[in-house]
Amino acid sequence: MLKRGGMAGTNHSNGTRAYERIQQAVLKQIQSHQMKPGDPVASERELARLHGVSPMTARHALAILEREGVVERRPGAGTFVAPPRIHFNKLMSYTEQMGSRGLAPQSKIILNKITEGEQEVAARLGLPAAGRMVKIERVRHSAGEPFALETCYLPANEFSGIVDAPLARTSLFATLEHDYAVEIAYADEEVDATVAEGRIAQLLGVPKGDPLLRIRQVIYSSKSKPVIYVLGFYKSERHSLFIRRMR
């Protein structure tokens with residue numbers, strides 16, 4: 001959600017400040033796919049002319065859009081539509097995150113199978129050491145480029161049918177809620193920095209040694225039962241981390 005604030009653009013039209021009208025116009029073009037990541041955004045001068053405001057008001061609107069991760073400014077080149085950023089301030093599926101930006105989610109399934117013998121993961125899900133689990137590995141894409149590698153584990157005794165779910169097109173959260181009556185509520189997570197190595201670097205299309213965010217999550221149902229363990233590796237420039245996480 002875009003934030004109100006600042007002194008620029010105090011004139012109103014139907015109760016909307018001038019800088020907010022500019023923001024809404026830019027967002028509408030992105031969400032309607034008239035502009036896509038990497039496309040140039042009109043200059044401050046051009047936006048000011050189009051909306052009948054001062055260049056300062058247009059500059060204020062673009063500054064807020066930049067803080068929100070909607071656009072990015074490149075010195076000497078101009079302002080461009082930014083690749084989608086994932087904000088970890090709310091427990092949302094990747095599908096929901098992309099939908100909130102008006103973008104279609106894109107995932108590539110690397111594997112989806114029943115596994116066992118991963119003792120640390122089993123312990124995080126409250127399973128016996130030899131417990132069977134569904135293991136789902138997906139590469140997430142935005143703007144046609146990979147930006148995350150996520151591996152999800154679920155107890156196989158409850159969710160074995162998920163190996164047949166079309167998770168390249170649908171949300172895991174939605175599948176759990178619609179097909180298994182599981183309501184996702186909250187997550188405990190650990191976040192640290194790491195570097196891309198071997199297979200991870202290859203799948204994310206980055207050089208070995210590139211910085212990544214590593215996030216380990218235990219996701220709980222509304223009954224406070226662990227239902228998903230996620231190990232994710234994310235390109236750090238595509239993510240913003242906040243503290244509060246609620247469903």
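This is a predicted model: local features need pLDDT of at least 70, side-chain atom pairs count only at pLDDT 80 or more; totals for chains, interfaces and linings use all residues.
Let me begin at a loop: Ser224 lies between strand E11 (211-221) and strand E12, where helices (H or I, at least four residues) and strands (E, at least two) are DSSP runs numbered from the N terminus. Residues are numbered from 1 along each chain as its sequence is written, and side-chain values use heavy atoms, with hydrogens and water left out.

Back to that loop, then. Phi of Ser224 is near 60 degrees, a positive value in a residue other than glycine, and its relative accessible area of 45% makes Ser224 partly exposed; here buried means under 20% relative accessible area, exposed over 50%, and partly exposed in between, with a 1.4 Å probe and protein chains only. As background, most residues other than glycine have a negative phi. Ala181 also has a positive phi, of about 55 degrees, although it is not a glycine. Ala181 sits in the loop between H7 and strand E10 (184-195), and it counts as exposed because its relative accessibility is 71%.

For the overall picture, the secondary structure of the protein chain comes to eight helices and 13 strands. Of its 247 residues, 45% count as buried. If we take contact to mean heavy atoms within 4.5 Å, then among contacts between residues at least 6 apart in sequence, 57% join residues at least 24 apart.

Now to the rings. How many aromatic pairs does the structure hold? There are three, where rings of Phe, Tyr and Trp (its six-membered ring) pair if their centres lie within 6.5 Å, and planes under 30 degrees apart count as stacked, over 60 as edge-to-face and the rest as tilted. One of them joins Tyr153 and Tyr229, and it is tilted because the planes stand at 35 degrees, with the ring centres 6.1 Å apart. This pair links distant parts of the chain, since Tyr153 belongs to strand E9 (residues 145-155) and Tyr229 to strand E12 (residues 226-235), 76 residues apart. Both partners are on the inside by our cut-off: Tyr153 counts as buried at 6% relative accessibility, and Tyr229 counts as buried at 3%.

Another pair is formed by Phe159 and Tyr180, whose ring centres are 5.2 Å apart and whose planes are at 75 degrees, so that this pair is edge-to-face. Phe159 lies in helix H6 (residues 156-159) and Tyr180 in helix H7 (residues 172-180), so the pair ties together parts that are 21 residues apart in sequence. Phe159 is buried, with a relative accessible area of 2%, whereas Tyr180 is partly exposed, at 27%.

The C-alpha atoms of Glu158 and Tyr180 are separated by 8.7 Å, although the two are 22 residues apart along the chain. Leaving aside neighbours within four places in sequence, Glu158 is in contact with Tyr180 and Lys225.

Which residues does Arg216 contact, leaving aside its neighbours within four places in sequence? They include Tyr229, along with Arg124, Asp188, Glu189, Glu190 and Asp192.

Let me finish with the helix packing. The axes of helix H1 (residues 18-31) and helix H3 (residues 55-67) come within 8 Å and cross at roughly 55 degrees; axes are lines fitted to C-alpha atoms, for helices over the stretch in contact, and angles run from 0 to 180 degrees between N-to-C directions. H1 and H3 are therefore oblique to each other, given that angles under 35 degrees count as roughly parallel, over 145 as roughly antiparallel, 65 to 115 as roughly perpendicular and the rest as oblique. Residues in this contact include Ile22 and Val26 of H1 and Ala61 and Ile64 of H3.

Helix H2 (residues 44-51) packs on H3 at an angle of about 115 degrees, with the axes 8 Å apart, and H2 and H3 are therefore roughly perpendicular to each other. Here the contact is made by Glu44, Leu47 and Ala48 of H2 and by Pro55, Ala58, Arg59 and Leu62 of H3.
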